[in-house]
Structure formats: C-alpha cells, structure tokens
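Reader: Before we discuss any assignment, could you show me the model and then set each term against its rule?

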Amino acid sequence: MNESLQSSGGCYCGQIKFQVKGEVFVSTYCHCRQCQQSTGGAGSCLSIFKKGAFNVIKGSPKEYQYANVIGHAMKCYFCGMCGSQIYTDLKNHDPLVAIRATAFEDPIWVQPTNHIWVSAKQSWDFISDDLPQSPEGLT
Amino acid sequence: MFFDIPMRRKSVMDPPPDYDYPYRNKHVPQNDAAIQRDQLMSTKHAGGCGCGQIEYEFDGSPLLTAHCHCRDCQRSSGAPKSTILLIMKSSFTLLKGEPKSYEFKLDDGNSTNRHFCSTCGGAVYSSFTKMPEILAIKAGSLVQTSFVKPTIHIWVNSKQKWESLNDGLPQFPKNPPMGEEAE
C-alpha cells in the first residue's frame, strides 16, 4: 500500500493549504496526551510522509513546540485563524512529518495500520479494530 | 447520595495532594483513590489547553457525551472524530486565558464557534448559535477524564471509511433528535 500518491489538504478557513506527493510511510492512530489535548478528542490519526514529499503551498501555519513524555522535542503546526491542526514535525524521526489524516481534503486513501501511545489511551476511547497496538511511539 | 459532601477545590491550580496530575505533557496513569473520590464526591471538572494558557472548570454532570464524526470536527481537529460533553453554559467558568474562536458555518444557516488556544492550538470547547445556552466541552481538554462516558456516535454519515465503530453504542447519521424534534 506504499504507493506513490498525490493529495492535498489544508485548514477549514482556507488560509493554509498543503500538498503531498510521494509515498505514505505509515498511517497510524495516535493516543498520546498531546494529540488528545490538541484535538480535544481521544487522539488523532496521522499519515507519516518523508519531509521532502510534503509542501505547504499557501499560508504559514502557527508553530507550537513541546517535549513529549520521553523528552523528544516536537513541533506541531496549526492554523492560527481557525485552529485546525495540520501536521507535526517528528524531531526524533527526522526527516519525517506526521500529517493529520483528516486535514486532507479527501482522506479516502488513508489505511491506518497500528495504534501508538496506547499507554496514554483514555478509558472511554474504545479501540474496535484488530490493528496492532504499541504502548509507545514509532520506533 | 447521603454522603455527597461538597468537597471542592478552590481552583484547578490547587489539586488535592493525592491527585496524579495528568497535565502538561504528562500521561501518568491516574490514581485510583483520586478517581474514586472524584466520582463520588466532586461534581467540579477542570480542564484547559495543552500549554496551560487556558483553564476552565464546570460544575455537574454533562447532559450528553458523544463521539462526533462530522467533517467540521475532523477538519478542525485533524482526528477522525471528536468527543464532546454537552453542558449548560451557566455551569461553565473560564478561569484563565481567553480562547480564540472561529465560526464554522453549517448548512442550515446556524454556526458553531470553535474555541481554541491561540498559543498551542488546543481545542477547548465549542458553542452553537442554535443552542446558545449549551457548550460542548472537548473531552481531550479535561484534566481528569475518568468520568467521561460517551453514549452515542453522531454524524456517522460523514465518518471516515477507515474508522471502525464496533463499540456497541447507538449511531446517528446526523444530530440526534433533541427537544421538540424528539417524539
């Protein structure tokens, strides 16, 4: 399923637009506390691409820097206007970029293959599929 | 409950000593004793954004807790769904900070105002022009979430195809029937 694809997306208000052209490294559900806090939900679904495959073609997303639970520096980007979450720079997995799957205009090609940070999963977040689960992040 | 003694914290900044504070880039497993005490004795729930600029609290049990699969929730959060707690606006107090808001227009002419932290982008709550007395708290913004019990899935007709929902909860294609619409 690692076929080359071209897809575009952006924020709700249209200030930010991005494009990817290349292979999906992996799509994964993330249940970490930062994903919970930024999305306001149970976690997010991320499509991970090589950085070279990803281009912001309009606007400049706002950056927020934090350290995750194991101390890795992370930078997440969102639209400063409408608050839509766009992508995260994975500093520990340079040069990869984790794009929020539903920030794409038509995320029909997304095929999540695992769950990460299940150790931080909320009790009310029910995983109803058989995908492999990992207590921590991608290795 | 006869032992329902009010034991309220002065503010969210002042958690009880045995409270495992799962806040700000920590995801420590929550302390059982604290969870039990919260469930039995406290009706106040605290929350905020990831960077700590925004803090709020609300009193009482949510009217409804739902997983929402609408495209606007997906768009704004970047996640396949969001989990919301509907509460009365009167029970909500903003303790710190001023969230930024953006108006998401709906097809029926109403709109949803999504309130988020302008520093970290964390989604905090939404308000609705159709139901001005109601707020939708984003479950991920709560400090202590063990009381959260989602009971339905809403807007399932815009659910992503790759998202599986086999948790047995009732599913509604759009909003559930409410108020006078419910028969």
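**Sheets, interface and salt bridges**

Author: In chain B, seven strands make up an open sheet of mixed pairing, ordered S6-S7-S8-S9-S4-S3-S10, where strands are DSSP runs of E with at least two residues, helices are runs of H or I with at least four, both numbered from the N terminus, and two strands pair if DSSP finds at least two bridges between them. This is a predicted model, in which local features need pLDDT of at least 70 and side-chain atom pairs count only at pLDDT 80 or more, while totals for chains, interfaces and linings use all residues. Residues are numbered from 1 along each chain as its sequence is written, chains are lettered from A and ligands numbered from 1 in the order in which they are written, and side-chain values use heavy atoms, with hydrogens and water left out.

Reader: What makes strands S6 and S10 of chain B the edge strands of that sheet?

Author: Strand S6 (100–105) and strand S10 (152–154) of chain B each pair on one side only. From one strand to the next, the twist averages 30°, taken between axes that are lines fitted to C-alpha atoms, with angles running from 0 to 180 degrees between N-to-C directions.

Reader: How do you know that strands S8 and S9 of chain B are paired?

Author: Strand S8 (residues 123–128) and strand S9 (residues 134–138) of chain B run antiparallel and are joined by three bridges, which meets the requirement of at least two. Tyr125(B) stands opposite Ile137(B) in S9(B).

Reader: Why are S1 and S5 of chain B said to stand at the edges?

Author: The sheet in question is open and antiparallel, with three strands in the order S1-S2-S5 of chain B. Strand S1 (44–48) and strand S5 (92–96) of chain B have a single partner strand each, so one side of each lacks a neighbour in the sheet. The twist here averages 25° from one strand to the next. S1(B) pairs with strand S2 (residues 55–59) of chain B over five bridges, and His45(B) has Phe58(B) as its bridge partner in S2(B).

Reader: What makes the pair Lys51(A) and Asp89(A) a salt bridge?

Author: The closest N and O atoms of Lys51(A) and Asp89(A) are 3.2 Å apart, and the rule asks for a side-chain nitrogen of Lys or Arg within 4 Å of a carboxyl oxygen of Asp or Glu, so the pair qualifies. Lys51(A) lies in the loop between S3 and strand S4 (54–58) of chain A, and Asp89(A) lies in strand S7 (residues 85–90) of chain A, 38 residues apart. Over all chains, the search finds four salt bridges, but the count between chain A and chain B is zero.
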